Amino acid sequence: MITTYIYLIAYAVALLALISLGLSVIFGMMKVINLAHGEFMMLGAYACVYCSSLGLPFWASLIVATLAVGCFGLVVERLLIRHLYGRIVDTLLATWGLSLLLIGVSTAVFGPQARSMPGIPGTVAIGGTTMSVYSFVLIGVTILMMLVTWLIATRTKVGLVVRGTMQRPDIAGALGINTNLVYMGTFGFGAAAAGLAGAMLAPLTGATPLMGAAFVSKAFINVIVAGGLPLIGTSLASAMFGTVDAVISYLASSVAGEVAVLVFAVVLLRMLPQGITGRFRRGF
Amino acid sequence: MIYPVGGSFLRPGAPWWSAIVLAFVLLVLAPRGLDLALQYDLTSIFICGILALSMSFLWGGVGILSFGQTIFFGLGGYGYTILVMNTDASLMSLVLGVLVGGGMAAVLGYFMIYGRINDIYLSVVTLVVTLIFEKMVRATSGPEYVIGSVRLNGQNGIPGIPGLQLPFLTEPLSIEGVFWFAGGALLLTYCGLRLLMATRFGRILVGIRENEQRMELLGYDTRRYRLITFIISGGVAAFAGGLFAVWGSFVGPEMFNLSQASLIVIWVIVGGRTTLIGPIIGAALIQYLTKWLGTVGVGQVSTVMGAILIVFVLLFPRGLVPTLGDLLSRLRLAQVAQRSLKDAK
C-alpha cells in the first residue's frame, strides 16, 4: 500500500515537473506564459515518433526531438515574440494564436488519429505493486533535466548572465549584455524542454494534434503557483500538486485529481498572489 | 503599452440614440424579408454578440482580460437546460441560469481579485478553469450523473431542450420568435452596458482600467468594483449560454472548450476592445467566416483563426472599429486643414 502511494506520487511529481519546466523557464525570464507550450510538447512527440519510425533508438529520438523543438522555438522567437517585448498581454494573445495555428496545421499534416511508438517495455514488482520500467525512466529523465538546468544556471558563465538578466534586465543591459540574445536563448531552451516533455509522453499517449491541451492546464497552474523562480518554484509546486493529484486520482478519478489541484491552487493564490517563490529575491 | 489603453465611453448623443431606434425598427421588420435559415443563423450571431459584449465590457471597461468567459457561457447553458427540463418554467430557468453564471463569477472572482493576483495570472487561471470544466462535464457520461430527472450525458451533451415559453403566449417561441427575442436581448444588453459605462460607476471603472493605484489612492475600493464588473460580465455570458441552449435546443461540453474560448477572444480583438460595438461586429464577421470556411470544405478553421489572431495582435492591435474610426477622423482632419488652407489663400 505504502509503496503504491510512493510510486504514484513520485511519478505524478516527476511528470508535472517535466511538463512545467520549459514553461517556467520562459515565464521566469519574460514573465510571460507561453500559451503554445502544449503545442511545443505536441511537436516534440511527433518528432520523437517520426525518428523512432525511421529506426532510431529511443534515446536518439529523444535527443533529436528536444533539439528540433528547441530550434523551432528560436524561429518562433525571431518571427513572433521579438516584436512583442514589453507588451505582455499581446505576447499571451500571440502565443495563443500560435497554439491554434499549430493545432490546425498538425491536424492537416498528420491527421487527427494518434501515432504511437514503442517506449521501453517491461514491469517490475516491488512489495506487491507492479510498476512499469518506463515510469522509472521518466522519473530519471526529469531528475537529469532538472540537474542539467540547475548546473547551467548556477555553475556556468551563461547561467550567471541569464540569472542577472532575470533579476534586473536594465542593469544587465547597461553592463553590456545583449539582453535580446538572452531572451532568445531562454525561449529556445524553454521550447527544447517542452519538446523533451512531449517526446517522453509520446510512448505513453501517442502523438495527437490535441495532446498538448490535455496536459497543459496542469502545467499552467503549476507555473503560476510556483512564482518567478523556474527551478525552486517548479520543484516545490510540483511536489505539492503532484502529491494532491496522485492521491485524489488514486482514490477517486483523474478528473477529480485535476479539480482538486485547481481548487487548491485558487485558494493558495488568494493567500500567496505572487506564487510560492514570489517574494524570493535570489535563487533560480 | 504603446497604444492608448481604451475608449472613454462619454454619454451618447442623438446620433447614437437614432442608430439604436433604427436597429430596433430593422429588428422588428427583418423576419418579413429573411427566410428561416438566415434568421436561424443570424440568431446565433446575436447570441455570439452578447457573449462578445460580456468580454469586451470586462476587458475594455475595467481592464480584466478573462480567457474563460466560456465558464459562464457553459454554466448558463447547462443551468438553463437542467432547470427547464426539471421544472418546465422556462423564463424563470433562464433567469436562474444567469444567476448560476454570476454566482460562479462571484466565487472565482473573489479568490482572484481579492487575492490581487497579477492580470496575466487571472487570464491563465480563467483559461485553466474552463478547460477543467470541460473535462468535468466530459466525465459525466455514466448513468449515475443525474440532476433531478436530467442525465448529464458527458461527451454527448443534452439534446431535446424544450423551447422558451414566454408569459401571455400559448406556444413556445418559434424560430422567428427566438430571432426577435435574441435580437432584442442583444440590443438591450448593448444599450444597458453602454449606458452603464457613461454613469458614475462606469467612470470609476475607466479610472481603474487606466491606473488602478491612483484610484485606490483616491479612496476607491478598486477590488470591489473589479469584482462587481466580473460578476456582471459572468451574468451576461451566462445569459448568452441560456439563449444558446434555447436556440440550438442542445448543450454540450464544447461550450466550455478551448476553441470556443479562443473564438470569444478573437471576436473582441478583431472588432476592437476599446468600443462595445466593435466586438459585436467582430463576432458577426468571424462567425460568418467560420461558416463559410465550413461550406467551402477547407476544414482549417483552427489554422485560419490562429493566423487571424497573430496578424491582428502584430499589425492591428486596436482592432477594426477603432482603426477605421481613426482613419475617418484623420481624413476629416485633413479635409478641414485643406479647406482652411484654401480660405487663407
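# Close-up views of a predicted two-chain model

View 1. For the complex, the predictor gives an ipTM of 0.90 and a pTM of 0.91. Residues are numbered from 1 along each chain as its sequence is written, and chains are lettered from A and ligands numbered from 1 in the order in which they are written. Since the model is predicted, local features need pLDDT of at least 70 and side-chain atom pairs count only at pLDDT 80 or more, while totals for chains, interfaces and linings use all residues.

**View 2. The interface between chain A and chain B.** Here 36 residues of chain A are in contact with 34 residues of chain B, a contact being a pair of residues whose C-beta atoms, placed from the backbone, lie within 7 Å. On the side of chain A that touches chain B, α4 (88–110), α9 (211–226) and α11 (254–271) of chain A each supply at least two residues, and the largest share, 17 residues, comes from α4(A). Sorted by class, this side of chain A holds 25 nonpolar, seven polar and four charged residues, where Ala, Val, Leu, Ile, Met, Phe, Trp, Tyr, Cys and Pro count as nonpolar, Asp, Glu, Lys and Arg as charged, and the others, Gly among them, as polar.

**View 3. Helix α8 of chain A and the residue that follows.** Helix α8 (residues 179–205) of chain A has 27 residues, which at 1.5 Å a residue should span 39 Å, and its end C-alpha atoms are 38 Å apart, in agreement with that expectation; the expected span is 1.5 Å times one less than the number of residues. The helix α8(A) is mostly covered, with 21 of its 27 residues buried; a residue is buried if 20 or more other C-beta atoms lie within 10 Å of its own, exposed if 12 or fewer, and partly exposed in between, with C-beta atoms placed from the backbone. Just after α8(A), A:Gly206 takes a positive phi of about 80°.

**View 4. The largest nonpolar core, with B:Ile50.** The largest nonpolar core has 187 residues, of which A:Ala45 and B:Ile50 touch the most other members; such a core is a set of buried Ala, Val, Leu, Ile, Met, Phe, Trp, Tyr and Cys residues joined through C-beta atoms within 7 Å. Helix α1 (residues 2–30) of chain A gives the most to this core, with 17 residues. Leaving aside residues up to four places away in sequence, B:Ile50 touches B:Ala185, B:Leu186, B:Thr189, B:Val236, B:Phe239, B:Ala240 and B:Leu243.

**View 5. B:Leu276 in a loop of chain B.** B:Leu276 is placed in the loop between α10 (258–271) and α11 (277–296) of chain B, and B:Leu276 is buried, with 25 other C-beta atoms within 10 Å. Although B:Leu276 and B:Ser56 are 220 residues apart along the chain, their C-alpha atoms are separated by 6.3 Å. Besides B:Ser56, the residues that B:Leu276 touches include B:Leu53, B:Phe57, B:Gly60, B:Tyr190, B:Leu193 and B:Arg194, not counting residues up to four places away in sequence.

**View 6. Two loop residues with positive phi.** A:Lys31, a residue other than glycine, has a positive phi near 55° and lies in the loop between α1 and α2 (37–53) of chain A. A:Lys31 is partly exposed, with 13 other C-beta atoms within 10 Å. In chain B, B:Arg116 has a positive phi of about 55° although it is not a glycine, and its place is in the loop between α4 (90–114) and α5 (119–138) of chain B. B:Arg116 is partly exposed, with 16 other C-beta atoms within 10 Å.

Definitions and conventions: Two residues are in contact if their C-beta atoms, placed from the backbone, lie within 7 Å. Helices (H or I, at least four residues) and strands (E, at least two) are DSSP runs, numbered from the N terminus.
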